[in-house]
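Biologist: Could you take me through this protein slowly, and tell me for each label how the value behind it leads to the word that is used?

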Amino acid sequence: MSRPSLLILSFSPIADDARVLKQVRLFADRYDVTTCGYGPAPEGVVEHHEVPADLLAWRKDPRWLLARQYSRVYWGNAAVAYARSVLPVGEFDAVLADDVDTVPLALSLQPRRGVHADLHEYAPGQNSELPRWRWFVAPYIRWICRRFVSRAASVTTVGQGIAERYTREFGFPVGVVTNAAPYAELAPGVVGSPVRLVHSGNAQRNRQLEVMIDGVEQSTTPVTLDLLLMPNDEAYRDELRARYAGSTRVRVLDPVPYRDLLRTLNGYDVGVFVLPPVNVNYEWTLPNKFFDYVQARLGVIVGPSPEMAREVEARGLGAVTADFTAAGFAAVLGTLEPRVVESWRQASHQHARELSAEVQSTGWVDAVDRLLDHPA
């Protein structure tokens with residue numbers, strides 16, 4: 001007897017997209033999974049449709065955007081048009097559509113059992129700090145949410161605050177599946193002296209990484225900070241390297257392949273992330289790195305971002321700064337003692353299972369199984 005068919009649709013390099021790759025791994029043993037996105041096929045799928053890298057999903061024709069001809073904006077996009085030309089209509093049992101820009105396409109494929117939409121963030125607020133985004137792009141994204149996401153059989157997103165924002169603004173119910181990392185068989189290490197801080201993530205100027213760096217430089221507590229940065233903005237990363245080249249406490253390093261990341265992080269003591277809320281999604285962030293730090297059995301220091309702060313305080317994982325300034329970060333560093341950091345690392349060890357992808361991903365399983373009448 002053939003298994004139900006599931007298309008996982010994402011305009012991202014799926015084999016390197018942590019959230020989408022978790023979906024593939026979760027469902028490949030249960031269903032015949034086909035993927036469509038950029039880059040090579042991920043392991044475990046029965047078929048993959050690769051969108052050519054030069055067909056950019058984010059590109060929007062400014063003429064139609066300014067004229068608010070949103071159907072023309074969407075269906076005229078090169079990535080959407082290509083995917084529409086290669087994906088069969090009416091042949092999939094269900095589609096798991098990642099992010100708002102795949103949902104209209106997913107619905108047009110007329111899957112027999114429906115579409116589940118997984119929204120990776122609050123899409124209308126993605127770049128809300130930019131006036132041109134607020135004026136021209138956000139209304140287009142809201143149009144997709146009202147007209148298409150509202151027709152999905154079910155919807156999930158990355159955190160409770162964003163879920164509530166979607167429901168409040170658009171009226172559809174939204175479940176939560178966090179960006180949790182797979183469970184790792186690791187143990188807390190011995191806290192070093194100086195205390196070893198680490199930040200892993202993107203080199204993006206609007207993340208204001210200088211807040212954490214300057215906080216370390218201002219602190220009189222014996223700590224070091226390594227930043228493992230992706231080259232999203234190489235000019236910004238180079239600026240940071242040049243600016244802190246003479247520091248004895250801060251190093252700006254290359255990223256570590258994800259397969260090696262948790263073991264690398266496990267050699268530090270505390271994972272840090274203070275992210276000034278320059279846009280809606282930064283305000284409500286609950287990112288991959290937070291869960292990576294827990295699986296690496298680190299203590300965690302974060303800014304007063306509501307989602308991260310709630311998790312840290314509820315489980316005793318670390319500390320929350322009073323604000324998003326270097327001085328606020330330095331003030332928390334001033335309280336660090338080895339025994340305190342050891343207790344944080346033990347708390348991460350205690351809660352690693354419940355904060356793992358295996359537990360946190362049940363929202364996807366429930367939603368897709370509901371579509372495909374397959375018992376969990």
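Modeller: Let us begin with Arg-205, which has a relative accessible area of 40% and is therefore called partly exposed. Please keep in mind throughout that this is a predicted model.

Biologist: What makes the contact between Arg-205 and Glu-239 a salt bridge?

Modeller: A side-chain nitrogen of Lys or Arg must be within 4 Å of a carboxyl oxygen of Asp or Glu. The closest N and O atoms of Arg-205 and Glu-239 are 2.9 Å apart, and the pair is counted as a salt bridge. Arg-205 lies in the loop between strand E8 (195–202) and helix H8 (210–218), while Glu-239 lies in helix H9 (residues 234–243), so the pair ties together parts that are 34 residues apart in sequence.

Biologist: How many salt bridges are found in a search of the whole structure?

Modeller: The search finds 19 salt bridges. One of them joins the side chains of Arg-19 and Asp-118, with a distance of 2.8 Å from N to O. This pair links distant parts of the chain, with Arg-19 in helix H1 (residues 18–27) and Asp-118 in strand E5, 99 residues apart. Both Arg-19 and Asp-118 are buried.

Biologist: What of the salt bridge between Arg-113 and Asp-373, and how exposed are its two residues?

Modeller: Their side chains meet at 3.2 Å, N to O, which is again a salt bridge. Arg-113 is in the loop between helix H5 (103–108) and E5, whereas Asp-373 is in the segment after helix H17 (362–372), and the two are 260 residues apart. Arg-113 has a relative accessible area of 40% and is therefore partly exposed, but Asp-373 has 62% and is therefore exposed.

Biologist: Which residues are linked in a network of salt bridges?

Modeller: Arg-142, Arg-165 and Glu-169 are linked in such a network.

Biologist: How do you know that Asn-266 is buried, and what surrounds this residue?

Modeller: The relative accessible area of Asn-266 is 18%, and because buried means under 20%, the residue takes that label. Asn-266 is found in the loop between helix H10 (258–265) and strand E11 (270–273). Leaving aside residues up to four places away in sequence, Asn-266 touches Leu-186, Ala-187, Ala-296, Arg-297, Leu-298 and Arg-345. A polar atom of the Asn-266 side chain lies 2.8 Å from the backbone oxygen of Ala-296.

Biologist: Why is Ala-28 called buried?

Modeller: Ala-28 has 13% relative accessibility, and therefore counts as buried. Its place is in the loop between H1 and strand E2 (32–38), and, not counting residues up to four places away in sequence, Ala-28 touches Arg-3, Val-33 and Gly-44.

Biologist: What makes strands E3 and E7 edge strands?

Modeller: The open sheet has seven strands in the order E3-E2-E1-E4-E5-E6-E7, with parallel pairing. Strand E3 (47–51) and strand E7 (175–176) each have a single partner strand, so one side of each is left without a neighbour in the sheet.

Biologist: How do you know that E5 and E6 are paired?

Modeller: Two strands pair if at least two bridges are found between them. Four bridges join strand E5 (residues 115–119) to strand E6 (residues 154–157), and the two run parallel. In E6, the bridge partner of His-116 is Ser-154.

Biologist: Which strands are joined to E12, and what makes you say that both faces of E12 are covered?

Modeller: Four bridges join E11 to E12, in parallel, and three bridges join E12 to strand E13 (residues 318–320), also in parallel. Val-270 has Gly-299 as its bridge partner in E12, and Val-302 stands opposite Val-320 in E13. As for the faces of strand E12 (residues 299–302), Gly-299 and Ile-301 on one side and Val-300 and Val-302 on the other are all buried, and both faces are covered.

Methods
Residues numbered from 1 in each chain as written. Predicted model: local features only at pLDDT ≥ 70, side-chain atom pairs only at ≥ 80, totals over all residues. Heavy atoms only, no water. Buried < 20%, exposed > 50% of the residue type's maximum accessible area, 1.4 Å probe, protein only. Polar contact = N/O pair within 3.5 Å; in protein donor to acceptor, adjacent residues only side chain to side chain. Contact = heavy atoms within 4.5 Å.
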